[in-house]
Amino acid sequence: MNETTYPGGVARDARTEDTNVRRAMRSGDDKALLKAAAQLTRGLNTPNPTIFWLDMLGSALLGYAALAFAMFGEGTGLRIGAGLLAVLALYRAGSFIHEISHIKKGDLPYFRLVWNALVGVPLFAPSFMYEGVHNQHHAKTKYGTKDDPEYLPLASMKPWSLPIFMIGGTLAPFLLFFRFAILAPISFVSKRVRDEVVGRYSGLQINPEFRRERPVGDAARQFTYQEVAAFAWSWILIAALVGGVLPLGAFAIFMGVACGLMGLNQLRTMVAHFWENDTQEPMSVTAQYLDSVNVPPPGLLPALWAPVGLRYHALHHLLPGVPYHNLGEAHRRLVAELEDSSLYHRTSRRGLWTLVSHLASATTGKRA
């Protein structure tokens, strides 16, 4: 399971070879790769509004229809099936938060507003929780350091860190519900609490040491609007529960679906990188790429657990400006043009189980 077949049909031990390559490239960039990536993908940086809107709205509509049936429909088996469909569809709709953080102002008017109203706020993950945070994960001087909100050196941590990592991410909806329903209103009247809420509880982060700076300008306004909306939504749910309008069982299913999609996202996050930067030193762009993962076709399942272009996570770190619907074409161009010896091919893996076992073996010290 640890061999990877690169272009040309050559099978190599991916674990040993890729670790050595990443170490060699830590201090410098493969300029030929970066130049080729930029040249071969010219014209792919413009988002297609039709694709964005139809994909997001269709995923949200399907997800909520399935969720409604899971909450109020008839037949246990059908409701379970509807719940699973709701997890997958709403997970896809929710994954657009990543694209929103990269969209240039003016490219997709009102997309952020509509996404927050339909997906972000109802699922307790408005876009301000990612915007202004995710960009630091792409900063050349911050990736893999203590200032990276989305990085933990999981490969060098203890084996029990992986289950804890998964449990924490899966239960995030309950923590977010508490953050918006209880901590938000308290923070509005207490500066000390506000500093803690903004600094530590206002980002979809995995690095416990990261503290967010207070947003300014338009970012601060978006932060306030979305936070107030999420606060209001959380108390609407509480009032509906207390008033008997929303049955406790239906609410439990809603939260179960929310936990399911967040757990799936946490699993995807766990295998998005190799997590080998335990020095917390800045890494070159090439080293960042080699510490990340692509799971390209022909596999079909990654389209479910890594939707909206997330199956090309390494490529995204190489070309963060390419919208999700063009990453497949960008990958095809690079694979077709770059030689077998190119570092570009080193990040591709076959599937989820290979990646999970690779990371698990690293935590137990059994990796080659």
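In which helix is H317 found? H317 lies in helix α15, residues 313–318; helices here are DSSP runs (H or I) of at least four residues, numbered from the N terminus. This is a predicted model, in which local features need pLDDT of at least 70, side-chain atom pairs count only at pLDDT 80 or more, and totals for chains, interfaces and linings use all residues. Residues are numbered from 1 along each chain as its sequence is written, and side-chain values use heavy atoms, with hydrogens and water left out.

**H317 and its surroundings**

- H317 counts as buried because its relative accessibility is 5%, where buried means under 20% relative accessible area with a 1.4 Å probe and protein chains only.
- The side chains of H317 and H137 are joined by a polar contact of 3.3 Å (a pair of N or O atoms within 3.5 Å; within protein, one must be able to donate a hydrogen and the other to accept it, and residues adjacent in sequence count only if both atoms are side-chain atoms).
- Apart from neighbours within four places in sequence, H317 is in contact with H137, H138, Y143, H273, Q288 and S292 (heavy atoms within 4.5 Å).

**Aromatic pairs**

- Rings of Phe, Tyr and Trp (its six-membered ring) pair if their centres lie within 6.5 Å; planes under 30 degrees apart count as stacked, over 60 as edge-to-face and the rest as tilted.
- The count by this rule is 16 aromatic pairs.
- F52 and F111 make an edge-to-face pair, with 5.6 Å centre to centre and 80 degrees between the planes.
- This pair links distant parts of the chain, with F52 in helix α3 (residues 49–72) and F111 in helix α6 (residues 111–120), 59 residues apart.
- F52 counts as buried, at 1% relative accessibility, and F111 counts as buried at 1%.
- Y143 and Y151 form an edge-to-face pair at 5.1 Å centre to centre and 65 degrees between the planes; Y143 and Y151 are both buried.
- A cluster of F52, W53, F96, F111 and Y324 is linked by ring pairs.

**Second largest pocket**

- A pocket is an open set of points on a 1 Å grid where a 1.4 Å probe fits, with protein on both sides within 12 Å along at least five of seven lines; lining residues have an atom within 4 Å of a point.
- The second largest pocket holds about 790 Å³ of space, the volume being that filled by probe spheres set on the points.
- Its lining has 32 residues, and R112, E131, D218, Q222 and Q226 lie nearest the centre.
- Helix α11 gives the largest share of this lining, six residues.

Technical notes:
Helix = DSSP H or I, 4+ residues; strand = E, 2+ residues; numbered from the N terminus. Buried < 20%, exposed > 50% of the residue type's maximum accessible area, 1.4 Å probe, protein only.
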